[in-house]
Number of protein chains: 2
Amino acid sequence: MSSTRDIDALIEMMAKLPGLGPRSARRAVLQLIRKRALQMEPLADLMTSVAATACECRNCGNIGTQPVCDICLSNERATGQICVVEDVGDLWAMERSGVFKGRYHVLGGTLSALDAIGPETLRIPKLSERVESEEVTEVILALNATVDGLTTAHYIADQLDGRCRITSLAQGVPIGGELDYLDDGTITAALNARREV
Amino acid sequence: MSSTRDIDALIEMMAKLPGLGPRSARRAVLQLIRKRALQMEPLADLMTSVAATACECRNCGNIGTQPVCDICLSNERATGQICVVEDVGDLWAMERSGVFKGRYHVLGGTLSALDAIGPETLRIPKLSERVESEEVTEVILALNATVDGLTTAHYIADQLDGRCRITSLAQGVPIGGELDYLDDGTITAALNARREV
């Protein structure tokens with residue numbers, strides 16, 4: 001590397017971002033330096049400002065810039081439904097589909113015996129508290145279909161049993177999916193959950 | 001998107017970087033927010049500092065933080081050889097190989113009739129000037145093996161003809177390359193430039 005220390009350090013930091021390796025980090029930094037006023041300075045300012053203001057919503061765990069997030073504050077969201085997700089990224093994915101009009105609860109991970117992650121770490125007690133205080137009628141478990149996700153879903157269903165309706169996302173063939181490329185587990189789930197046309 | 005304005009804007013800016021799309025920009029921003037003190041704040045500070053200090057070397061066009069870059073200032077680099085590259089990224093690639101010990105000249109692009117890029121835009125006059133003032137004995141053309149790259153190489157060779165030795169990178173089979181996957185042009189070039197074992 002012939003560039004000076006700060007530029008090298010910037011490339012190294014950028015290479016740590018998910019989706020960027022050393023090569024693409026170098027390309028990104030070169031582009032940033034070329035488009036300094038248009039890209040680099042605004043990006044640096046935004047990062048500084050987000051780093052200073054971003055925080056977890058104390059109600060649902062979503063990331064925002066206020067102590068309670070926009071979704072929890074909104075009057076337009078149904079109060080009776082809570083959609084439980086693993087992560088803020090999953091919450092954003094649900095929001096992009098635009099179909100869910102209730103509120104969320106972000107666990108911040110899944111139960112994992114190996115990593116010693118128990119219910120206390122995961123905001124599960126807070127979920128239980130919200131089910132009471134917000135008069136929730138349905139908890140929708142939108143956890144990833146992994147072993148840890150399923151374990152966590154079972155645990156939460158156990159905890160909330162009898163206090164409200166508990167549902168989970170349907171499993172089956174994804175839209176546009178071709179049977180030939182699907183794994184056996186998905187085909188089995190789709191067959192078991194088949195419905196009348 | 002449920003996150004607030006700054007976070008959305010940050011995701012949008014990040015998605016404009018080469019190598020990142022909307023999805024990976026979201027993942028990157030989430031990771032940055034999680035590792036705020038370790039990643040986001042240092043990254044923002046570095047960007048601000050690089051945006052303020054980065055500049056082109058007025059001699060060779062390399063990017064650095066001083067008016068003349070480290071390579072041009074170094075006493076350890078041979079003065080008689082100049083390696084001509086299209087772009088700072090190419091200069092960095094040459095430096096990583098560590099094999100070239102001379103100095104560089106960054107053109108900042110290639111000649112292109114379609115995009116109306118002529119020799120004046122490309123620091124070619126400056127190269128010609130350096131060949132005189134630095135008593136250069138060899139100019140190595142390390143331009144990309146594209147049509148525009150080859151045109152530019154020919155133009156420079158014409159300009160400097162008779163004033164110093166002019167060479168270009170060898171063309172042939174890349175190290176680790178399999179013949180079966182190489183294009184016809186490369187195989188032809190490698191065959192034409194074959195040498196005694």
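Tutor: Count as a salt bridge a side-chain nitrogen of Lys or Arg within 4 Å of a carboxyl oxygen of Asp or Glu. The model is predicted: local features need pLDDT of at least 70, side-chain atom pairs count only at pLDDT 80 or more, and totals for chains, interfaces and linings use all residues, while side-chain values use heavy atoms, without hydrogens and water. Residues are numbered from 1 along each chain as its sequence is written, with chains lettered from A and ligands numbered from 1 in the order in which they are written.

Student: Which residue of chain B meets Arg34(A) in a salt bridge?

Tutor: Side chains of opposite charge can pair when their charged atoms come close. For Arg34(A) the N to O distance is 2.7 Å. The partner is Asp87(B).

Student: Why does the pair of Asp87(B) and Arg34(A) join two chains?

Tutor: The salt bridge links Asp87(B) with Arg34(A). Asp87(B) sits in the loop between β3 (81–85) and α5 (88–97) of chain B, and Arg34(A) belongs to another chain, so the pair joins two chains. On chain A the element is helix α2.

Student: How many residue pairs are in polar contact between chain A and chain B?

Tutor: A polar contact is a pair of N or O atoms within 3.5 Å; within protein, one must be able to donate a hydrogen and the other to accept it, and residues adjacent in sequence count only if both atoms are side-chain atoms. With both residues at pLDDT 80 or more, the count is 10.

Student: Which element gives the most to the side of chain A that touches chain B?

Tutor: Elements are DSSP runs numbered from the N terminus: helices (H or I, at least four residues) and strands (E, at least two). Those giving two or more residues include α1 (5–14), α2 (22–34) and α3 (36–53) of chain A. With 14 residues, the top contributor is α3(A).

Student: What area do chain A and chain B bury between them?

Tutor: Buried area is the accessible area (1.4 Å probe) that two parts lose on being put together, summed over both. Contact (heavy atoms within 4.5 Å) takes 54 residues from chain A and 54 residues from chain B. Carbon and sulfur atoms carry 69% of the buried area, which is about 5100 Å².

Student: In chain A, where is confidence lowest?

Tutor: pLDDT is the predictor's confidence in each residue, from 0 to 100. Chain A has a mean of 89, with 98% of its residues at 70 or more. Strand β4 (residues 103–106) is highest at 95. The lowest mean, 85, belongs to helix α8 (residues 184–192) of chain A.
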